[in-house]
Amino acid sequence: MASASKFQIMKVTPAAVARVQELMQDADTPKLGLRVGIKKGGCAGMEYTMSMVEEANPRDDVIEVEGARIFIDPSAVLFLIGTEMDFEVTKFRAGFVFRNPNEVSACGCGESVSLKAADPAALALP
């Protein structure tokens, strides 16, 4: 399995951690965690993808919090840097929400976004 990186690509809220833990525990077969990625599609150009992980990709970045593992697809890293992953329950929907500083625009339904890659120069770490 990929090792957890020292620089955390995304922040994960306690609500998102709890939901990932539930998904891992409630799966019919053992799962390693949840993979987050980006794919082309939707009216704004890109969509977040999520899938349960049965087998780790050694190139994935891994965020582990309280046993909940979030695998970041390597092709999505530059688009997800600085993002906060949350899980919200409202009167009409429940689901993961991404607050992404690299988001340029989003469609009205909230399912599709336009993203720019993070500027590596802005990531100067101490």
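In this predicted model, the largest nonpolar core comprises 25 residues, and those with the most contacts inside it are Met10, Ile70, Ile72, Leu80 and Met85. Two or more residues of this core come from each of the strands β1 (10-12), β2 (33-40), β3 (46-53), β5, β6 (83-89) and β7 (94-99), as well as from the helices α1 (14-26) and α2 (77-80). The most is given by α1, which supplies four residues.

Leaving aside residues up to four places away in sequence, Ile72 touches Ile9, Met10, Val36, Asp60, Asp61, Ile63, Val77 and Leu80. Two of these partners, Met10 and Leu80, are also among the core residues with the most contacts inside it.

Strand β5, which spans residues 68-72, also holds Arg69. With a relative accessible area of 15%, Arg69 falls under the 20% cut-off and is therefore buried.

The mean pLDDT of the protein is 82, with 75% of its residues at 70 or more. Over residues 1-5, however, pLDDT stays under 50, although the model has twelve contacts beyond four places in sequence for this stretch. Where pLDDT is low, the predicted coordinates should not be read in detail.

Methods: Residues numbered from 1 in each chain as written. Predicted model: local features only at pLDDT ≥ 70, side-chain atom pairs only at ≥ 80, totals over all residues. Heavy atoms only, no water. Buried < 20%, exposed > 50% of the residue type's maximum accessible area, 1.4 Å probe, protein only. pLDDT = per-residue confidence, 0-100. Contact = heavy atoms within 4.5 Å. Core = buried A, V, L, I, M, F, W, Y, C linked by side-chain atoms within 4.5 Å.
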